[in-house]
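Work through the exercises below with the sequence and the structure at hand. Try each task before reading its solution.

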Amino acid sequence: MAVTYSTFAINYRLLGVVDAIDAGGGNGYLTLLVGSTVVSTISLARPAGTVDAGVLTFSGTLLDPAAAGTGLVTEGRIYDSTGTLIISGLTVGIPPSTGYDILISNGLNSTLITAGQTVALLSAQITGS
């Protein structure tokens, strides 16, 4: 039989994730990758997000004013301010897509990022389990 957590317990687990992202004395950050190459880095707010009903929602106006590389984004990762990996394997899409952990905009309705582009994080949520 699978283990099932209450929403109360899931919320506390997700609050631990927020605490881990905010550890290190500065803002955590999100990287968008093409394979293992970082093409965009977006600084997160502090606190990184809020938790409600078993969902961690990242908050703030979050953007990278000039992407560092070019390519079709395959994954998102979140680090604390010291560079410690906290979350990996985040899925990345564009609006109005659903089912992705992260929705981005680069003005082209695509997850293809070009070096120098502004990349905005429109939405980012992690559903606890």
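Predicted model: local features only at pLDDT ≥ 70, side-chain atom pairs only at ≥ 80, totals over all residues.

Residues are numbered from 1 along each chain as its sequence is written, and side-chain values use heavy atoms, with hydrogens and water left out.

**Exercise 1.** Find how many helices and strands the protein has.

Solution. Take helices (H or I, at least four residues) and strands (E, at least two) as DSSP runs, numbered from the N terminus.

**Exercise 2.** Give the strand order of the open sheet of 4 strands, and say which strands stand at its edges.

Solution. Strands pair if DSSP finds at least two bridges between them. The order is β2-β1-β7-β8, with antiparallel pairing. β2 (37-43) and β8 (85-90) each have a single partner strand, so one side of each lacks a neighbour in the sheet. Inside the sheet, 5 bridges join β1 (residues 29-34) to β7 (residues 75-79); Leu32 has Gly76 in β7 as its bridge partner.

**Exercise 3.** Identify the residues with the most contacts inside the largest nonpolar core.

Solution. Such a core is a set of buried (under 20% relative accessible area, 1.4 Å probe, protein chains only) Ala, Val, Leu, Ile, Met, Phe, Trp, Tyr and Cys residues joined through side-chain atoms within 4.5 Å. The largest has 28 residues, and Leu30, Leu32, Phe58 and Ile104 have the most contacts inside it.

Conventions. Buried < 20%, exposed > 50% of the residue type's maximum accessible area, 1.4 Å probe, protein only.
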